[in-house]
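Me: I have a model open here and would like to go through it with you. Could you take my questions one at a time?

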Amino acid sequence: MDRPGGRRLGRVGSCEPLVTYTGYQHDLAYLEQFKDDGDENVALIEPLLAFRLSRAYRRSDVLRAHLRIESAGRPRSEQERLYAGYKAGKPGYNLAANPDRIIGRHGGTTFVGSWHMEQPDGYTYAVDLTHHWKLDWDDVHDLLRASGLQTTVPGEPWHHQATTIRGPLPGPFPDGTNTEDDLTPELEEKLDGLATWVFNGTTMILKRLDELEQQVAATKGDDE
């Protein structure tokens, strides 16, 4: 829903209809020109990933000239087909994730299969990029990290995300999104720890006050 001061960027784990930043559809349309083979489904890319990837392209002549989206989103049926072909050892089928494997749980939702697979909220959370050996991956990573895109799979320098199971990765957010969505996973973890500390401390204090109250009541009884 719309909120004062802007629109809320949907969080991982929410299956409610998401209200995203105003330019989301415009960014998806912009990314269409960077598809590698032309059949990559960028329409399923989640809002934060779409924002940061389009931002990276707009900021870099090098990325616009040489970096392409090799794999974007796919429906579950496509993930099932890829996995079945891989398990059967069919020619042309590479390693593919089991669509039923559990990636993790967040916000009451279980994420399964692959980050490229459409999740319960209707979005996919990863893109595979390619530069056809015209660039060095280190240079590509420097340019992408400046826009908040990170590699999240060891040994796969092409796999990039803006969000993981712990929430949004550090980086820029669209103008108008609520500041509550600007929390990094590290800061969110610290705040969770602080909340636990406050709760435990308050519980101990209330318990001690209860003991003191009982002692005072017992003392008054003796005096009487």
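Me: Which residues form one aromatic cluster?

Reply: The aromatic cluster is formed by Y21, Y24, F51 and Y123; rings of Phe, Tyr and Trp (its six-membered ring) are taken to pair if their centres lie within 6.5 Å. Before going on, please note that this is a predicted model, in which local features need pLDDT of at least 70, side-chain atom pairs count only at pLDDT 80 or more, and totals for chains, interfaces and linings use all residues. Residues are numbered from 1 along each chain as its sequence is written, and side-chain values use heavy atoms, with hydrogens and water left out.

Me: How many aromatic pairs are there in the whole structure?

Reply: A search of the whole structure gives nine aromatic pairs. One of them joins F34 and Y57, which are stacked, with 3.8 Å from centre to centre and 0 degrees between the planes; planes under 30 degrees apart count as stacked, over 60 as edge-to-face and the rest as tilted.

Me: Where do F34 and Y57 lie?

Reply: F34 is in the loop between α1 and α2 while Y57 is in helix α2, so their pairing ties together parts that are 23 residues apart in sequence. Helices (H or I, at least four residues) and strands (E, at least two) are DSSP runs, numbered from the N terminus.

Me: And are F34 and Y57 buried or exposed?

Reply: Both F34 and Y57 are buried, where buried means under 20% relative accessible area, exposed over 50%, and partly exposed in between (1.4 Å probe, protein chains only).

Me: What about F111 and Y125, how are their rings arranged?

Reply: The ring centres of F111 and Y125 are 6.2 Å apart and the planes stand at 90 degrees, so this pair is edge-to-face. F111 belongs to strand β5 (residues 109–112) and Y125 to the loop between β5 and β6, so parts 14 residues apart in sequence are tied together by the pair. F111 counts as buried at 1% relative accessibility, and Y125 counts as buried at 2%.

Me: Changing topic: which residues touch the most other members of the largest nonpolar core?

Reply: That core has 33 residues, and L31, I45, L53, Y57, I69 and L144 touch the most other members. A nonpolar core here is a set of buried Ala, Val, Leu, Ile, Met, Phe, Trp, Tyr and Cys residues joined through side-chain atoms within 4.5 Å.

Me: Which elements give two or more residues to this core?

Reply: They are α1 (24–31), α2 (47–59), β6 (127–130) and α5 (137–145), and α2 gives the most, with seven residues.

Me: What is L53 in contact with, leaving aside its neighbours within four places in sequence?

Reply: L53 is in contact (heavy atoms within 4.5 Å) with L31, I69, V127, L129 and L149.

Me: Now the sheet: in what order do the four strands come?

Reply: The four strands form an open, antiparallel sheet in the order β3-β6-β8-β7, where two strands pair if DSSP finds at least two bridges between them. The edge strands, each pairing on one side only, are β3 (68–71) and β7 (150–151). Strand β8 (residues 159–161) pairs with β6 over two bridges in the antiparallel sense, and D128 stands opposite H159 in β8.

Me: Last one, what is the phi of W133?

Reply: W133 has a positive phi of about 65 degrees although it is not a glycine. W133 lies in the loop between β6 and α5 and is exposed, with a relative accessible area of 76%.
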